[in-house]
Amino acid sequence: MAHMKKHLDEMQYILATDVGSTTTKARFFHKTEETWRFLVAGEAPTTVEAPYEDVTLGVRNAVREVEELTGHQILSEDGDRIVVPYDGKGGVDLYCTTSSAGGGLQMMVAGVIKTITAESANRAALGAGAIVMDVMAVDDGREDYEKIKRVRNLRPDMILLAGGTDGGTDLHVFQMADLITVSKPRPRLGVSYELPLVYAGNKNIRDHISTKFSEDFALKIVDNIRPVLDQENTEPARRAIHELFMEHVMSHAPGYDKLMKWTNIDIMPTPAGEGMAMQFIAERYKMNVLGVGLGGATTNIYSIFDGRFVRSVSANLGMSYSVANVLKEAGTENITRWLPFDLSDEVVANRLMNKMIRPTIIPQKLEILILEHAVAREAIRLGFQHHKTIATRLKGVQVTRTVDDYFEQALEETYIKMMNIDIIAGTGGLLSHAPRRRQSLLILIDAFQPEGVTRMFQDSVFMMPHLGVLSTVHPDAAWQIFNKDCCLRLGTVIAPSGIGKLKSEIFSVELKMPDGTTRTEHVDFGQITYIELGVGQEANAIINPRKGFDVGTGPGHKLSISLTGGEVGIILDGRGRPLQIPEEPELRKSLLMDWFDSMNLYPTNALKMVGDV
Amino acid sequence: MACMNTDEKSGKTSESMYAYTPGLKIKRYTEVVKVRKLPLKGKVLVNLGDVLSYDDTVAKTTVLGDPVFVKCSQILDVEPEELMRYVVVDEKDFVKKDDVLAKYEALFGLLKKQVCSPIDGVVESISGLTGQIIVRGDPKPVEINAYIPGKIVDVMPEEGAVVETSATFIQGIFGIGGEKHGKLKVLVESPEEVLTEEAISDEEKGCVIIGGSEVTPAALKHAMDVGVTGVVVGGVEHSCLVEFLGREIGVGITGEEDIPMSLIITEGFGRMTMSRKTFNLLKQFEGHTACINGSTQIRAGVMRPEIIIPRQEESESSSEVEISAGIMPGTQVRIIAEPYFGAIGKVTILPVDLQEIETESAVRVLDVELEDGEIIQVPRANVEIIEE
């Protein structure tokens, strides 16, 4: 619930924080001459763990840094609260926060059929910002005793139970309910904690469900997530998860009772805030958006495709705490294929394990930075692969196949088509801290492999979650800050789909530049380059793909389009889709070196020395 | 709280609180306190002031047995709502394995079907909705022991107790395997030496053995075969750990591995010379019994593996040093990232302004004078304070 002390139009100062698992990040915003801008950032270690066990200490320290940098007093004299509203001298008009401290919101999800109700429940929990620890279903291939053992070991913060269409199966829903109750799940937040359970299944058996979960659970019943087979209704479950997150999970975390009193709007899980920001981009641009939050422990992928929002979280893919798991999942060869120099498997593994056991170290040598960027490509690639298994058409719905479908191998699992993605956006420490913006740009391109014409965005200093939560009450302020200070326009990439022969031309582009000049670029297969076109600048282009290559208008067909510039400009990517990396090591390394060179990706002199660490 | 340091070159001040990484604890003599808590409420068996040995039980409880679902209506081939007509037990009844739970007879006994309990246990529920009977297995006992020998200094009714002892305390950087104890034996001459299979004999059964910079896969296997309880070394190759464990480690949360021997590395992955201070301490207490725990948790609320050498009978002044001041000129640090991994030196300058490093990142750095007199510049994030 929002408790505003001032009308939105009268506000002048806004404070937003994100209480992360290791760092609390404060962002301070100010309205000057009718425009909201980001002023300054303050950061401090999160204090959720012993000996502090009070998150407000970390928030206070981060806010103090903001105070020191601006001279604007935000905390009360005794430092025990945030002064709201701004009184002409100090304080802020609105304070809001997101949180992922202590592992965020960890949920277990259950349904009847793995690919129907359990899958919908999974999407609802992920959309609410949860880390889904397990998805259980009657037909998930595990024996009852295995599921029971799993539930007993999980220690979730919350459970979402779905199953059955309205008036459909009840037997299997009862079976899943039995499985949960007899397993007696132990909540992570202690034995005195009443485990919240959202029921979003067959509405005809609500009475039985109420009786079943009357003890030991804080039950909330909402509308069925799949009232009929061809309809998915995740919103009521998502809302209930947010409410229970505030009422139960947050109120049990150390210091959150106090933080809840400080904030003017409900605390939101960090990924939910990040997701709001991604949705914000899609709404404002009215385009299909693909986004990534690449963190130290997790990788969140967001898609807003034809208006449908889906979030996935890969809980063990990340750049520090989970970096060794990226190695495990991707395999060393998938990481080293992005390196233009030799590094033995053992050295790669040892280096990444050392990063995992000391997550705060930073690359001092270029070779190590390039290795981290290689891992980032793989973390996002794997996260996106996972995302596509969640961003799927509704299963259980009869699909009318056309004759063409029978010639295709099968109906594609995901509905996301890279050719129809208009914008790709990235956030997270590694992307924001990349020494050159073009490095994060190429990481995003290599990992997602956009096709056709795609705009590329990036979070400047990690404030997407902050603006996401702010957008729920003050969308105009959030958009102004997002537009001017948060969202870095990196440029636009042109990448035709198709595969050709190295060094044979695959497309040309004729550009009418903002200064009135015209230039034509020819791009060979296996080549990537860029044309400078600044932020806010546009160039009219005619893209002419060769036979067998497509930029969205069909193979070999021209596309006339206005291209938007950015910090890097217009990227002409002729490396093929799917992206082709030669298997022959010398050819691969030389080609990678060409790409790095033509994109001016790393400092030239240091790049020549890599491999000598 | 922030600590202000002065940059000798510019005379500016800087806040160092965000800069330092607390180092691993290597304490010659300190008070070690261990909270020994049950996972569920139970009975505490010790009293305040009791003196315990390693294996003495502190508290015990029972956890619920595993439930088993018996799909009765399906087996009897009746509708779930008809089940109650055929059930021959009541909820809360004790049943033995193969006792009949429900039976169905038709055609004057010519057609018979029955469902038996698959385990010994208690009938927890009989459901006419699902057609299932749930039998709960016998409760399982859970006990926690003292782990370290020492005195009970606090008792938490129904939960557990706190054991305290004086000890030498050394933290490792990463480990696997749970709580163990054994006699310390140093099997190498120097911290640079690699621990090989040949160095380990049957005499090391039940011991915690100390190597130098690395342990070979063959040595690990041999140590396990002879019944060593723990191995402590500076480093280990990733492939060696995979071979030993039979799988790759993805995230840094360990301790639950089902292995009879714990492994602790004190420096990192790869061949890593064990810190001389750690090595010398372990050498000094060779022959003493050490309690070790490989459990590691690299997340917020970090937990590192540990080597505790109890020294109840001795008395020495505690080597606890307050390090809340953070890094200052003169602070002894160890470099924890390449290209100077493992080097030890003293901080000379903490420049205030961000400095551009080879990667072109602008980061906070510090100058370190290494033991050989060379002065190098490293990111502040890449050093840890040596806690003594």
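Strand S7 (residues 67–70) of chain B pairs with S12(B) in the antiparallel sense over four bridges; two strands count as paired if DSSP finds at least two bridges between them. Within this pairing, B:Phe69 stands opposite B:Ile134 in S12(B). Helices (H or I, at least four residues) and strands (E, at least two) are DSSP runs, numbered from the N terminus. This is a predicted model, in which local features need pLDDT of at least 70 and side-chain atom pairs count only at pLDDT 80 or more, while totals for chains, interfaces and linings use all residues. Residues are numbered from 1 along each chain as its sequence is written, chains are lettered from A and ligands numbered from 1 in the order in which they are written, and side-chain values use heavy atoms, with hydrogens and water left out.

Strand S11 (residues 121–126) of chain B also runs antiparallel to S12(B), joined to it by five bridges. Here B:Ile126 has B:Ile133 as its bridge partner. S11(B) and S12(B) form a hairpin with six residues between them, and B:Gly131 in the turn has a positive phi of about 75°.

Why is S12(B) largely enclosed by the rest of the structure? Five of the five residues of this strand (residues 133–137) are buried, meaning under 20% relative accessible area (1.4 Å probe, protein chains only). In a regular strand, side chains alternate between the two faces of the sheet. In S12(B) both faces are covered, with B:Ile133, B:Val135 and B:Gly137 buried on one side and B:Ile134 and B:Arg136 buried on the other.

In helix H3 (residues 238–245) of chain B, the buried residues include B:His238, B:Cys240, B:Leu241, B:Phe244 and B:Leu245. They cover an arc of only 160° around the axis, which puts them on the same side of H3(B); the arc is that of the directions from the helix axis to the C-beta atoms. B:Gly246 follows H3(B) and has a positive phi, near 85°.

Key:
Buried < 20%, exposed > 50% of the residue type's maximum accessible area, 1.4 Å probe, protein only.
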